[in-house]
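Please keep the sequence and the structure in view while reading.

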Amino acid sequence: MRLLAPTLFLLSCLLFSLRQRPTLAAKQSYVVYLGAHSHGPELSSVDLKRATQSHYEFLGSYLGSNENPEEAIFYSYTRHINGFAAKLDDAVAAEIAKHPKVLSVFLSKEKKLHTTHSWEFLGLEQNGRIPPNSIWEKARYGEDAIIGNIDSGVWPESKSFSDEGFGPIPSKWKGICQNDKDSRFHCNRKLIGARYFNHEFAVHKGPLNSFFYSPRDIDGHGTHTLSTAGGNFVAGASVFGFGKGTAKGGSPKARVAAYKVCWEGSGGCFDGDIIAAFDMAIHDGVDVLSVSLGGEKPSQLLEDGIAIGSFHAVQHGIVVVTSAGNEGPADSTASNVAPWQIVVGASTTDRDFANYVVLGNNKRFKGQSLSMKGLPSDKLFPFISAEDAKLANASVENALICKKGTLDPKKVKGKILVCLDVNTRSVDKGLQAALAGAAGIVLVNLPEYGNDRMTDPHVLPASDINFNDSVSLFSYITSIKHPVGYITRPTTEFGTKPAPFMAAFSSKGPNIITPEILKPDITAPGENIIAAYTEAQSPTHLNYDKRRSPFNSVSGTSMSCPHISGIASLLKILHPDWSPAAIQSAIMTTASTHDNNKQQILNASFAEATPFSYGAGHVQPNLAMDPGLVYDLTANDYLNFLCTLGYNKKEIFWFSKNYTYTCPKHTISLVDFNYPSITVPKLSGSITVTRKVKNVGSPGTYQALLKSPKGVSVTIAPKSLKFINVGEEKSFKVIFKAQNASVTKDYAFGELIWSDDKHHQVRSPIVVKAV
């Protein structure tokens with residue numbers, strides 16, 4: 001039992017009460033949270049008074065003899081939440097926080113209603129208000145831009161696609177609402193088009209029933225990504241009460257269109273259907289295409305439906321944004337690598353859905369969860385590892401991940417089950433635990449996933465804890481005969497640090513198709529993102545789970561991709577004459593490589609991440625409005641790129657149908673491709689790289705600032721660039737030379753910044769490998 005010895009307790013209180021404290025110390029409003037009450041089913045006034053009195057007595061044991069706890073406490077939480085709010089000295093609050101029955105002590109701060117929180121994290125709003133320098137204000141919230149989404153369809157009834165306040169559909173729109181087989185599916189002035197593409201899916205799966213002849217989203221993925229990119233404002237959005245606030249997309253006043261190509265859970269998206277969707281989207285008149293899908297590994301550019309479709313879209317001035325993939329943290333796992341795509345990695349925000357695994361020895365491990373309830377703190381539950389809970393005929397390997405059919409209900413019932421969070425979905429493990437009669441589940445990380453903790457709306461009390469805490473938990477379970485504890489109910493926390501850090505699942509470079517092109521290009525929020533969802537099934541996708549939620553929290557580069565799509569849409573409104581490459585450059589060269597601790601962005605193991613994880617850095621939308629200079633590219637530049645890769649005249653003609661284009665007579669080096677990042681994968685001796693920048697801002701002179709990669713000397717010629725007119729272009733050279741004495745055998749990283757005397761910092765990552 002977790003009882004404090006009375007003698008020790010009284011002694012500590014006496015010592016504390018005698019301690020001298022400054023009489024003029026400023027008091028602040030604190031909340032002391034004690035968990036939940038253990039009232040019976042019928043709550044009486046006696047129970048309420050008893051709870052209040054217990055709070056007075058508790059605080060009184062920490063206050064001096066001349067202080068009255070009844071005057072200090074201004075809220076006593078007596079019904080379901082157990083705790084109180086009081087004016088306290090910081091020192092008193094710190095001492096209270098050490099008590100084993102206190103779950104948390106925190107300053108009571110002013111709060112505003114808000115979600116998807118990621119847009120506030122990116123600086124588009126502050127405490128629920130839109131600052132005048134926000135790109136939302138400047139770009140009219142993306143008004144009348146058209147965002148297409150190639151995904152699993154859309155749930156049209158979602159409030160995120162309400163057309164309240166929207167005017168007529170833009171005259172350039174040529175799309176349709178393909179509801180010929182689904183009369184319940186309706187478009188409007190917000191959701192202006194929807195189509196489905198299932199021909200190749202039918203080839204693989206055979207004859208299809210009417211279910212497959214509608215753009216309606218049954219999976220939820222497409223609804224989530226489309227609403228993240230361009231969903232309307234929806235007040236009071238939450239996932240079962242968590243993250244409550246106003247949902248919105250990156251371009252809340254944009255028009256949106258859905259192109260359904262995915263039909264089977266996380267798959268069923270075939271190249272044939274994808275290319276058809278690209279083709280139709282170009283015809284329909286979209287401005288931006290968001291594509292949160294890809295293969296397990298990259299393909300040659302002309303053997304990949306997404307690369308092909310996106311090239312044609314870019315040829316027509318459409319910005320194409322794709323996800324990097326979820327195969328991290330291994331290297332060379334980015335699946336979308338075409339230079340004409342903006343490829344997005346995933347990182348965290350500063351919001352946690354935090355709860356705690358509390359052990360019998362009073363140790364507490366912070367985890368994350370969207371479980372609707374916790375376990376009562378006045379009762380301790382036995383822990384059991386999944387290995388110890390296995391059926392006799394189950395393998396240890398399968399039991400450790402709580403695979404279906406491996407758990408023995410006789411061993412699990414009433415206990416907290418501890419499972420490895422790998423291979424199968426977390427909610428599936430939770431379901432197996434619940435079916436076996438577990439009281440709760442703790443999901444533990446492997447070393448490579450470090451501090452990654454994704455949230456899920458589990459069907460039982462659950463917590464996902466980091467690797468270091470997982471080691472400590474296993475140590476506790478195996479070191480004593482009767483390990484016990486409980487799991488608290490989650491709460492929403494803001495301002496967590498460090499943030500962002502890279503999600504462990506986010507796919508990484510180097511680019512194995514064209515190593516001279518750094519991928520991913522950028523990172524954006526992609527972990528625990530709340531957005532609209534289908535109501536055709538539960539947010540867990542479990543048949544056992546009968547709950548429905550119009551919003552869900554989902555993680556993946558699929559979620560970071562539409563953040564960039566929404567930002568690209570805003571830039572399209574601000575700069576309608578910019579090419580897709582200019583928009584890509586503006587997003588990349590204004591990105592940040594620092595977190596909210598003002599330190600280098602970390603990976604999930606809290607080691608320094610590299611450009612192979614975050615590309616140019618973490619997106620900063622408000623700075624992308626005015627990048628100063630851009631690295632621009634035309635369709636012919638992309639064809640030159642293909643010529644350099646060895647595609648012949650015939651192939652390139654059929655690819656582009658450009659009758660006037662011919663490959664350059666002189667070979668162009670891939671390192672000279674005018675990309676916003678600079679990658680030299682095979683530096684032997686020295687090499688000169690050429691780039692060209694275009695002025696898209698005011699007149700000015702830019703000076704080169706360099707951070708050289710380890711073991712490599714870098715010089716710039718010229719070291720300053722002067723611009724007078726908008727649209728003026730200047731070339732420069734970057735000379736790399738391997739230093740024999742200290743040359744590194746692995747990739748090394750640096751950066752080039754063109755800085756004017758105003759506020760422009762045009763930053764390019766440098767990636768070099770000497771051989």
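## The strand β5 and its partners

Strand β5 is joined to strand β9 (residues 255–260) by six bridges, and the two run parallel; strands and helices here are DSSP runs (E, at least two residues, for strands; H or I, at least four, for helices), numbered from the N terminus, and two strands count as paired if DSSP finds at least two bridges between them. Asn 149 has Ala 258 as its bridge partner in β9, and Asn 149 also stands opposite Ser 290 in β10, a strand (residues 288–291) that pairs with β5 in the parallel sense over four bridges. The model is predicted, so local features need pLDDT of at least 70 and side-chain atom pairs count only at pLDDT 80 or more, whereas totals for chains, interfaces and linings use all residues. Residues are numbered from 1 along each chain as its sequence is written, and side-chain values use heavy atoms, with hydrogens and water left out.

Six of the six residues of β5 (residues 146–151) are buried, so the strand is largely enclosed by the rest of the structure; buried means under 20% relative accessible area, exposed over 50%, and partly exposed in between, with a 1.4 Å probe and protein chains only. Ile 146, Gly 148 and Ile 150 point one way from β5, while Ile 147, Asn 149 and Asp 151 point the other way.

## The sheet as a whole

β5 belongs to an open sheet of seven strands, with parallel pairing and the order β6-β9-β5-β10-β11-β12-β21. Its edge strands, β6 (191–196) and β21 (522–525), each pair on one side only, and neighbouring strands are turned by 25 degrees against each other on average, direction ignored.

Contact means heavy atoms within 4.5 Å; axes are lines fitted to C-alpha atoms, for helices over the stretch in contact, and angles run from 0 to 180 degrees between N-to-C directions.

Leaving aside neighbours within four places in sequence, Gly 142 is in contact with Ser 251, Lys 253, Ala 254, Leu 570 and Ile 573. The C-alpha atoms of Gly 142 and Leu 570 are separated by 4.8 Å, although the two residues are 428 residues apart along the chain.

## Helices α8 and α15

The axes of α8 (residues 221–230) and α15 (residues 557–574) come within 7 Å and cross at roughly 30 degrees. Residues His 221, His 224, Thr 225, Thr 228 and Ala 229 of α8 meet Ser 558, Met 559, Pro 562, His 563, Ser 565 and Gly 566 of α15.

## A buried serine

Ser 585 has its place in helix α16 (residues 580–589) and is buried, with a relative accessible area of 0%. Not counting residues up to four places away in sequence, Ser 585 touches Leu 629, Val 630, Tyr 631 and Pro 676.
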